[in-house]
Structures are given as C-alpha cells and as structure tokens.
Amino acid sequence: MGVPVSQMWTVATYVLRQKLRRVERYPLVLMLEPLFRCNLACAGCGKIQHPNSVLKRNLDPEECFQAVDECGAPMVSIPGGEPLLHPQIHEIVEGLVERKKYIYLCTNAILLEEHLDRFTPSKYLTFSVHLDGLKEDHDRAVCRDGIYEVAVQAIRKAVDRGFRVTTNTTLFNDADPETCRRFFDELMEVGVEGMMISPGYPYEKAPDQEHFLHRNETLRLFARILDKPKRTWRFNQSPLFLEFLRGRFDLECTPWGNPTYNLFGWQKPCYLLQEGYCGSFKELMETTDWASYGRCSGNPKCTDCMVHSGYEPTAVAQTFGSWRGFLRTAKVTLFGFGASGSIAEAASGQKPTAAQPLADSSLVQLQETISPIADSRDDSENGPEVKSEVELSVRS
Ligand code: SF4
C-alpha cells in the first residue's frame, strides 16, 4: 500500500496554489508538539531536556486546533515527547481529522498497542513509528533493551486493525549501510506503508555528541544505503529529498516549510533550533530573519544539517514548482535511483543539479499535467484500503 492519491493530490494542489498566488513562503507540515515528556531517554534526542515543570505540561486540544487553523498547512506532524502520553491525544487527532488534515502521529510505539482503541482508522491518520534500525541498533539508540520487539509487534497489530503505519528512522555515523538495507527489507515484511529516513541533527543538548554526521559523511552514507534500491522498498518521502541525501540534487533549507508550535509558542526558526518564540504564526513568518538560516547563510548551526524537516518542504516545492524538479522526481519514481549518478560522484562532492523556478504559464501547464490524478483520488475515510497509483517508491 502506498500514500493515498488524495493525500498526494492535496499536497500538489496546495503547493501549486501558493505558487500561482505568488506566496513566497508557505508552510507544508505543521510540527505540533503537544508535550515534551517521553517514556524513553534516547541518547541522540535534544527535545526532552526541560525542567520537570515543563515536562508535566500539555497543550490542550483547543490550543492545538487554534495553531492548526492559524497555520493552514495541509499536513500535521505530532512529535514530542511521546504523544501517546498526552491524556487527550485522541481528541486532538479527532479534531484534526474533522479538519481533513493529514496527520503523522510520531510514537516510539511502547504504548501503541494498548492505546489503539482510542483511535479510528482513517486515511487522514498515520502512526509514524520511531525505529532506528534492527533490534540491536534500535535498542542501543533508545537506550533500552526490548523496545524494537515491542514496536514491531505494535506495528503488526495496528496494520491488522486497518491503520496507516509508517516508520521514521534517524541515522548516525555508526550506521552500517548493509545492515540498514536489511532493516528496510524487514520493515517491508512487517507491512509498513512507507519508511522515512533522515540524518540526525547535532543537538547541542543531546547526551551523545560523538555520533552526529557531518555533511560529507551523510552523502557517503546515504549513497551507499540507497545504491540500487530494491523494488520492494517504499519511502514515505519525496524522491528529490532522497536524491538530496545521496548528493544528486541540490536543495536549500526552507525552515518556514515545517513551522513548529509547542508549549512556548511558535518556535524560531525551525523544529531543530530554539532561537526565540512568537505569539502568532503571522509574527513568526514576518519577524524571523530567514536569511540567517540554511546552509547558504553560513550559519554554523546549519552547516551540517540535512534533516527532513528543513529540506523535505523544499523538495516538495521543487517537485511541483520546477520542471527540473518534476522531471527528476518522475524519472526516479519510474526508473529508480540508478539512472542518476554513482556513489563515487556523490561522495566526491561533485556539484549536484539545482532547479529553476517555473513561469506562471508553466505552473498552469504543470497543474494540468497532474490533474488526471484528481479523477482517481480517493475520498473515502478509510485510507488503508486505498492503493496509490503513484507511490513514492524507488525501483532498481
Ligand atoms: S538548515 Fe537545519 S538547523 Fe538550519 S534552519 Fe534549516 S532546518 Fe534549521
């Protein structure tokens, strides 16, 4: 099973609408953090180092709905902390489903099986389970034995019950490419809809500072992991972002693409950095000095960052906002990564290709090109029965 066509259609038309309206900066995924507390303490996590007074607090459903309405992004990711520890998380999810938002509820899955009854399967709701590798690697990453097996069992139960389930995996400099490939095989066997992979961000507050990847290490690692990908692998992220990770397509960060709202307000400038908070989404967009962030800015905090929350929105915008991005996406989707470059080129830092923006007439043409998808889009509430014709998959 792949991403429902209706979700792809919603995102594509949303992006094209922004382009045609000449909106320079627009959000794609709201990162809604309704709490910071967690039932794990992972070595690479920079999110849970708050005092107890903060860790005890939750955003209430109304605060969440107000942020979602204010932001207007078509997708909402709910990280944390561990969202299943929130006593009203099911109410928050119900409210977002009513608003027809595509929700990715990020969880370590320790509580997933026991809490499944609180939720109803819907094409709008996906459980995004944190898994950083096979048993040994994952249990080491989360600093507790047995968690991999608990998560895999919960995934199987959720899939059996008709829920959409994906995984999110953060990789560090000790990742072994061959083991990662076996891990992907296993996730496909377990039955997840798609996988999301990303290098870890070097959080200053994370307990483990030794294993974060520098940019060239990231390119080498992902070029090897994604070399000749198997036909069975499905990724829940854009082909252009995967091309970026393996050094075959240049992207610049768009931190406003995944704005973050949490207990402190709207976080400047992105999900990873905490450089102040705003009282409204409008204030965030209008008062943040965006030129000070991203790799081109020279900001040392951004130098090694290739994290999905900063670059996936750029990849999506270029897919639907530039011919080069659209054609590269189509090429990778149809023919696989092998057609676009070698590991040696990626690792050598050879300059990758970048996309040029489309003229308005081309945007209309592009919208017409993908409009047949609208005819086949699915409007049923139960996404898991839906098979996408246009999966974000890679083929060898
Ligand atoms: S490059 Fe990374 S750290 Fe810098 S603004 Fe973008 S997402 Fe944030």
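Which residues in α1 meet which residues in α12? In this predicted model, local features need pLDDT of at least 70 and side-chain atom pairs count only at pLDDT 80 or more, while totals for chains, interfaces and linings use all residues. Residues are numbered from 1 along each chain as its sequence is written. On the α1 side, Val11, Ala12, Val15, Leu16 and Lys19 meet Val316, Ala317, Phe320 and Gly321 of α12; here, contact requires C-beta atoms, placed from the backbone, to lie within 7 Å. The residues of this contact comprise seven nonpolar, one polar and one charged, where Ala, Val, Leu, Ile, Met, Phe, Trp, Tyr, Cys and Pro count as nonpolar, Asp, Glu, Lys and Arg as charged, and the others, Gly among them, as polar.

Helix α1 spans residues 5–20 and helix α12 residues 308–321; they pack at an angle of about 75°, with their axes 9 Å apart. Axes are lines fitted to C-alpha atoms, for helices over the stretch in contact, and angles run from 0 to 180 degrees between N-to-C directions. The two helices, α1 and α12, are therefore roughly perpendicular to each other (angles under 35 degrees count as roughly parallel, over 145 as roughly antiparallel, 65 to 115 as roughly perpendicular and the rest as oblique). Helices (H or I, at least four residues) and strands (E, at least two) are DSSP runs, numbered from the N terminus.

The axes of α8 (residues 177–190) and α9 (residues 215–225) come within 9 Å and cross at roughly 50°, which makes α8 oblique to α9. Pro177, Cys180 and Arg181 of α8 make the contact with Leu221, Arg224 and Ile225 of α9. By class, this contact has four nonpolar, no polar and two charged residues.

Turning to the strands, nine of them form an open sheet with mixed pairing, in the order β6-β5-β4-β3-β2-β1-β7-β8-β9; strands pair if DSSP finds at least two bridges between them. At the edges are β6 (194–199) and β9 (274–278), each pairing on one side only. Neighbouring strands are turned by 30° against each other on average, direction ignored. Helix α4 (residues 89–98) packs on the sheet, where it touches β2 (75–78), β3 (102–107) and β4 (125–130), and its direction makes about 155° with that of β3.

Two backbone details deserve a look. Most residues other than glycine have a negative phi, and most peptide bonds are trans. Lys100, in the loop between α4 and β3, has a positive phi of about 60° although it is not a glycine. The peptide bond from Lys268 to Pro269 is cis, with omega near -15°. Pro269 belongs to strand β8 and stands opposite Gln274 in β9. Strand β8 (residues 265–269) pairs with β9 in the antiparallel sense over three bridges, and the two form a hairpin with four residues between them.

Finally, the ligand is surrounded by 14 residues, the closest being Cys253, Cys270, Cys302, Cys305 and Gly310; a residue counts as near if its C-beta atom, placed from the backbone, lies within 6 Å. This shell has 10 nonpolar, three polar and one charged residues.

How values were computed:
Two residues are in contact if their C-beta atoms, placed from the backbone, lie within 7 Å.
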